[in-house]
Amino acid sequence: MASKTSIATRFSRHLLLLLVSFLLVIVGATTIMEMFRVERQLQSKLHSEAFNTLNLLDLELKTQQRAVSRTAQSQLSINSLINIGSGQYYFHHALEDLTLYTAIEDALLFDYVGNALDEREEDVRWYSPKLVTETLTSGRGHVKFINGSFYIIEPISYYYAVQGGIIAKINLDKLTEGALANLSHNYALKIHQKWGYTEGNLDSLGIRVSMQPTQNMLISKFDISVTMNEPYISMLGEVTPWLTNFSILALIAMIPLVIITRRLGKKMATPIVALSNEVKAGKYPITTSASDEELSTLAEAFNHTTREINRINELNIQEERQSGQSQIIAIVDTVIDAIITINTKGYIATFNPAAERLFGYSVAEVVGEKINILMPQHFAREHDAYLHNYLSGKEARMIGVGREVVGRRKDGTTFPAELSVSPMRVSGQQMFTGIIRDITSRKQDEAMKNEFVATVSHELRTPLTSIRGALGLILGKFADELPPKTQKMLSLALRNCERLTLLINDILDIEKLESDQMVYSFHRNNLYSIITRSLEDNEGYARQHKVSLSFHADIENAYINADSTRLQQVMANLLSNAIKYSSAGSTVTVSLYLQGKAYRVEVTDTGAGIPAEFHQQLFERFSQADSSDTRQVGGTGLGLAITKSIIEAHKGNIDFFSTLGEGSTFFFSLPSDSAQPNNQRLQSGRLSAFQMLFVGSDDQLVGELRNQFYPECEISTAESVSRANLALGQQPFELALVEYPFPEALDKLMDQLSRRHIPVVLLTHGEQDVPDLGIVIAAHSIDTLNINGLKSELRLILKKEFPREAM
């Protein structure tokens, strides 16, 4: 949210902003004018430096020409050339003097036909008679520029006849060195647009000046030009001092302007501030003492608007209150679930019509009464305890969704119900809302389903198993004595029995999964051995389909915590699918290897593959890629759904990949068991191990316990009370380890343990009040648990309870 500022401050800011903008415009305009002045000044400077550079270059060339000319016109040179035999020594020193401390790189003497008169042993490669032809013909000296070098040619005449001459080669670098030495700008010196010197970047944006020599200069005939460039950025160095001084003066001038604008702003905003303070204070009707007509009109507008807003708000509040109450009453009265509210003492405050129909009480009969009249006596005592614990800050077991309870009607009959309780505050007081739904029909449906499952299991599977066994016995012993037609009919009946048995078993497994009654007996098992047994069990089935089985394993000691029977069921489903959908003569490959901290099993076939559009629903119940597949190879469409549930119960995952026309690979991963088996074994004649039941969800703790107690103790796990009760009904246990507190009520589980005389050791999270039950013989905190101490205590408990060798 933006911070608020006063009207005076905003007015002062706007006025000051206007002044600053005007100042910036003035500074900008004068800066541009100053930059134009500096530009003209720099342009004039560059023009002068370019002219001086050309003038210096011309002067240097003329100086070299005069030196050569004086040497050629001296009487000694004339006499020595005529008598060249005796004058050779003179020319040697004279030409050598020309090259000392000058730009002349080399000098030669030539005769009247242009031949070089030089006694040096090496050839003078730069000289050619063509260079002096013009001078010998005209009798005048010349300056030439050829291939990057200047040449000065001066004749030696005797009585107006050219007897020869001197030619000097000028070093271009030395000739231009003095002219270019003191230049401080970017420049380019060009001769015939081919030869020259460049310093700096002439393409940069800036002031550019180009100049050629005047006609009176010796170098004018050689197409020489000088270009100077000064970037605009260098102009800042000229403008910055002026701009700095001007800005300082402007800032000094702004100080009194700021003070003046502040005072003007406060003076103009004072009546507006007074009016806004009255509006803020809510002093209606608003009056103003200012003589300004605008402020009086504004005050009257505020008064009128306020009256209208108050009137409309009162109407809206009344309408919303009536509409909200009507809507809430309509919802509560028409909802099919019973809705009851109670206070912190358990007394009923509201009772909707659905609750009247459900319990048989009228509103007048129950409002003000305790909620206990709507539940059996033992539930009433528990409810009072739950309510007291919640208000005391303890475990809120009465708060939640979908808690199953038993309700009592006015006539005393009871019914199963689902209760959802949530706290709320009404007018600052704590209240509770309960939503009750009668689940009698659902319980009856569950009972009917259970009865159907029991009928399928006992009334259908048992005789079917007998029929299957009888048919198998006949075909096994008397197949050779039967007519072919009879043998074919019996084989067909046997296959149909097997398919029906598979369907019944899958339906029963799905029912167990749905009702959370699938019991697992987890023990330390070798996955390699489980796969080997599964391959042996399915070898005959593979031979029937003319398919071979192959097993590749990178490891043989692949120990996991698993139910071996259920994993064999997984392997049987995957192998039977791979065999059924493989063509005759192909191979189904099973692979086992370690991947990180888990073992991965792959079952690969070379069948027709699975269509891409069917990948998403492959693990759903009764799903098959093509209904024609069911008729050809058989199956219920439940195997993969059951397989996925079993793998997930082992804390693993399963998936597949498939290429149409090439085959499929189904793979699953199971976590490895880090428990190391010791070499001790119990003596023969005794039970293989003590049986413990761990009720909880702490997987790390279970792993540590198995590591310490193996193989003397086998520990089965149950993550819920229902699974624990099922486990107790299927196998005996000598001891139970129970996490406390537990997310579910432990009353029924403790009753089961008590009836079976199974001692209980509670493993608590932190400091907890341990329930006073006879079967609870010890309690340990998980946070400070000493495994060795726990092992010693359990050894004493088992030795006391059971007269055989303890751990």
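Buried here means under 20% relative accessible area, exposed over 50%, and partly exposed in between, with a 1.4 Å probe and protein chains only. With that in hand, welcome to a predicted model, in which local features need pLDDT of at least 70, side-chain atom pairs count only at pLDDT 80 or more, and totals for chains, interfaces and linings use all residues. Residues are numbered from 1 along each chain as its sequence is written, and side-chain values use heavy atoms, leaving out hydrogens and water.

## Overview

The protein has 21 helices and 25 strands; these are DSSP runs numbered from the N terminus, helices being H or I with at least four residues and strands E with at least two. Of its 807 residues, 38% count as buried. Contact means heavy atoms within 4.5 Å. Among contacts with a separation of 6 or more, 60% are between residues 24 or more positions apart.

Let us start with an open sheet of 5 strands in the order S15-S17-S18-S20-S19, whose pairing is mixed. Two strands pair if DSSP finds at least two bridges between them. Strand S15 (548–553) and strand S19 (653–659) are the edge strands, each pairing on one side only. Neighbouring strands in this sheet are turned by 15° against each other on average, direction ignored.

Ser591 lies in strand S17 (residues 587–595). Is Ser591 buried or exposed? Its relative accessibility is 16%, so Ser591 counts as buried. S17 runs antiparallel to strand S18 (residues 598–604), joined by 7 bridges, and Glu602 is the bridge partner of Ser591 in S18. Not counting residues up to four places away in sequence, Ser591 touches His552, Arg600, Val601 and Glu602.

Helix H15 (residues 564–580) packs with helix H17 (residues 639–649) at an angle of about 145°, their axes 9 Å apart. Axes are lines fitted to C-alpha atoms, for helices over the stretch in contact, and angles run from 0 to 180 degrees between N-to-C directions. The contact involves residues of H15 including Leu567, Val570 and Leu574, and residues of H17 including Leu640, Ile646 and Ile647.

## The parallel sheet

Another open sheet of 5 strands has the order S22-S21-S23-S24-S25, with parallel pairing. Strands S22 (713–718) and S25 (776–781) are at its edges with a single partner strand each, so one side of each has no neighbour in the sheet. Its neighbouring strands are turned by 20° against each other on average, direction ignored. Helix H18 (residues 699–709) packs on this sheet, touching strand S21 (690–695), S22, strand S23 (735–740) and S24, and its direction makes about 165° with that of S22.

| Strand pair | Sense | Bridges |
|---|---|---|
| S24 and S25 | parallel | 5 bridges |
| S17 and S18 | antiparallel | 7 bridges |
| S1 and S4 | antiparallel | 7 bridges |

Strand S1 (residues 104–111) is mostly covered, with 7 of its 8 residues buried; Phe110 has Gly165 in S4 as its bridge partner.

## Helix H20

Helix H20 (residues 747–755) has the buried residues Leu749, Met750, Gln752 and Leu753. They cover an arc of only 155° around the axis, so they are on the same side of H20; the arc is that of the directions from the helix axis to the C-beta atoms. The exposed residues Lys748 and Arg755 are on the face turned away from that buried side. After H20 comes His757, with a positive phi near 55°.

## Nonpolar cores

A nonpolar core is a set of buried Ala, Val, Leu, Ile, Met, Phe, Trp, Tyr and Cys residues joined through side-chain atoms within 4.5 Å. The largest core holds 47 residues, of which Phe150 and Ile224 touch the most other members. Helix H1 (residues 7–73) gives the largest share, 10 residues. Leaving aside neighbours within four places in sequence, the contacts of Ile224 include Leu54, Leu57, Phe150 and Leu189. A second, separate core of 39 residues includes Val547, Ile579, Phe666 and Leu670.
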